[in-house]
Amino acid sequence: MEKIQEKVSYCLNCKIKPCSKACPLGNDIPSFIEQIKIGNNRKAYEILSNTTVLESICGRICPHMSQCMGACVRGIKSEPVSIGELEAYIGDIAIKENYQMSKKQNIGKGKKVAVIGSGPASLTCSAFLARQGFEVTIFEKDKELGGILIHGIPEFRLDRNILNKCINKIIDLGIDVRLEKELEKDIFLEELIKQYDAIFLGIGANVPCNMGIEGEELEGVYGGNLLLEKGKHPDYKGKRIAVIGGGNVAMDCARTINRLGAEKVYVIYRRAREQMPAEEKEIENAINEGVEFLFQNNIVKIIGNTDGKVEKIECIKTQLVKKEGEKRESPIDIKDSNYIIPMDYVVMAIGSRPNKELMNKLGVQLTSKGYIVVNENYETTIKNVFAGGDIIGSKATVAWAARGGREAGNSIAKKILSV
Ligand code: SF4
């Protein structure tokens with residue numbers, strides 16, 4: 001507690017709230033910190049729950065340095081305020097002390113909303129609707145709730161016990177849950193539209209992108225997010241693994257594989273360390289745990305043995321060049337700098353995209369990259385069908401997905417009640 005008081009006292013309670021402005025959810029950061037200062041944790045929770053329902057989760061896994069903490073005034077000359085830690089502290093107390101999420105005006109009675117998926121966007125959308133009295137049913141394709149939170153984030157970054165308690169707190173708002181119900185297999189959008197006043201699609205985008213290089217079809221090449229999601233890892237003992245990419249999924253894959261006993265794990269990234277989208281603390285953790293980073297290197301080919309399994313990779317060194325009209329330097333291959341490294345597995349962590357087959361079945365308008373098109377109210381081209389989170393191509397962080405869920409929930413409320 002002394003430590004917490006020290007951390008909250010460090011906050012300057014800035015009137016212009018740069019931290020809040022940099023938070024995707026717009027959390028009122030100085031105000032909730034102020035309440036901890038005066039010992040009113042319940043009020044601190046109330047302030048946070050005006051904008052979020054994932055305090056214990058976002059407090060732990062958000063890339064704080066590129067969001068709230070990156071904008072903290074204290075960070076200009078020294079260390080920023082530990083905003084994430086303080087948010088998680090309040091979220092955990094709320095779970096432990098069973099603080100109730102404030103109910104909003106009970107305007108949704110008798111109105112039914114189906115929420116498809118149970119990741120951060122869907123959970124947040126459901127919570128904001130349930131708090132206004134709407135009858136919410138979550139349909140989840142897996143056996144447990146959480147989506148990307150449970151399948152995409154390793155346990156060493158997000159404790160499952162805390163995650164489950166956070167989800168239960170949301171479900172306890174009176175949300176109905178139907179597990180093992182997959183869209184367009186067990187439940188159908190066309191039918192749901194007839195049965196519910198509105199639908200929210202929070203189904204994520206989890207088909208791994210590939211690079212289009214030779215050898216990607218070989219045995220031993222995996223998509224990073226699917227590897228984390230399915231958890232079906234091969235035996236890495238005595239093996240060498242290359243993780244391709246520079247985001248948090250690449251860090252999660254590299255650290256997970258390293259912990260599973262791999263002999264050597266490389267992260268191959270074609271730009272420089274400073275350009276890596278992964279959070280600095282995740283990069284540092286990976287380095288401290290023994291992962292080797294090959295910055296300004298790119299994979300150009302995966303070479304297999306006669307059994308069709310990965311045996312080596314061919315890489316090339318890159319240099320960063322600022323091209324005319326471009327904001328940041330681009331990596332250019334250095335001629336004749338190719339080299340070969342023996343490798344047993346290659347993990348592609350270069351992003352993910354929506355499931356094309358499923359998207360086409362839904363009949364909603366899609367962008368050229370296959371994401372669902374929504375208007376400013378998060379409504380798709382089908383009336384009363386809304387969408388948010390990764391499936392609309394928003395920035396792939398939990399807080400941005402949650403914001404989409406919250407905004408869509410508020411739009412759904414407005415739309416249904418205006419009829
Ligand atoms: Fe506190 Fe930093 Fe926000 Fe200022 S910017 S209110 S110091 S957390």
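Reader: In which helix is the place of N225?

Author: The model is predicted, so to speak of local features a pLDDT of at least 70 is needed, side-chain atom pairs count only at pLDDT 80 or more, and totals for chains, interfaces and linings use all residues. Residues are numbered from 1 along each chain as its sequence is written, and side-chain values use heavy atoms, with hydrogens and water left out. Helices are DSSP runs (H or I, at least four residues) numbered from the N terminus. The run that covers residues 224-230 contains N225, and this is helix 11.

Reader: Is N225 buried or exposed?

Author: Buried means under 20% relative accessible area, exposed over 50%, and partly exposed in between, with a 1.4 Å probe and protein chains only. N225 has 14% relative accessibility, so N225 counts as buried.

Reader: How many disulfides does the rule count?

Author: A disulfide is taken as a pair of cysteine sulfur atoms within 2.5 Å. By this rule the count is zero.

Reader: Which cysteine has the sulfur nearest to that of C315?

Author: C315 is in no disulfide. C315 is at 0% relative accessibility and therefore counts as buried. The nearest cysteine sulfur is 17 Å away and belongs to C253.

Reader: Which cavity does the ligand take up?

Author: On a 1 Å grid over the protein atoms alone, a cavity is a set of points where a 1.4 Å probe fits but cannot get out; lining residues have an atom within 4 Å of a point. A molecule sits in a cavity if more than half of its atoms lie within 2 Å of its grid points. The space taken by the ligand is the largest cavity.

Reader: Which helix gives the most residues to the lining of the largest cavity?

Author: The largest cavity is lined by 16 residues, with C11, C14, C19, C72 and V81 nearest its centre. Helix 2 (18-21) and helix 3 (29-37) are the elements that give two or more residues to this lining. With three residues, the one that gives the most is helix 3.

Key
1 Å grid on protein atoms, 1.4 Å probe; cavity = no way out; pocket = protein on both sides within 12 Å on 5 of 7 lines; lining within 4 Å.
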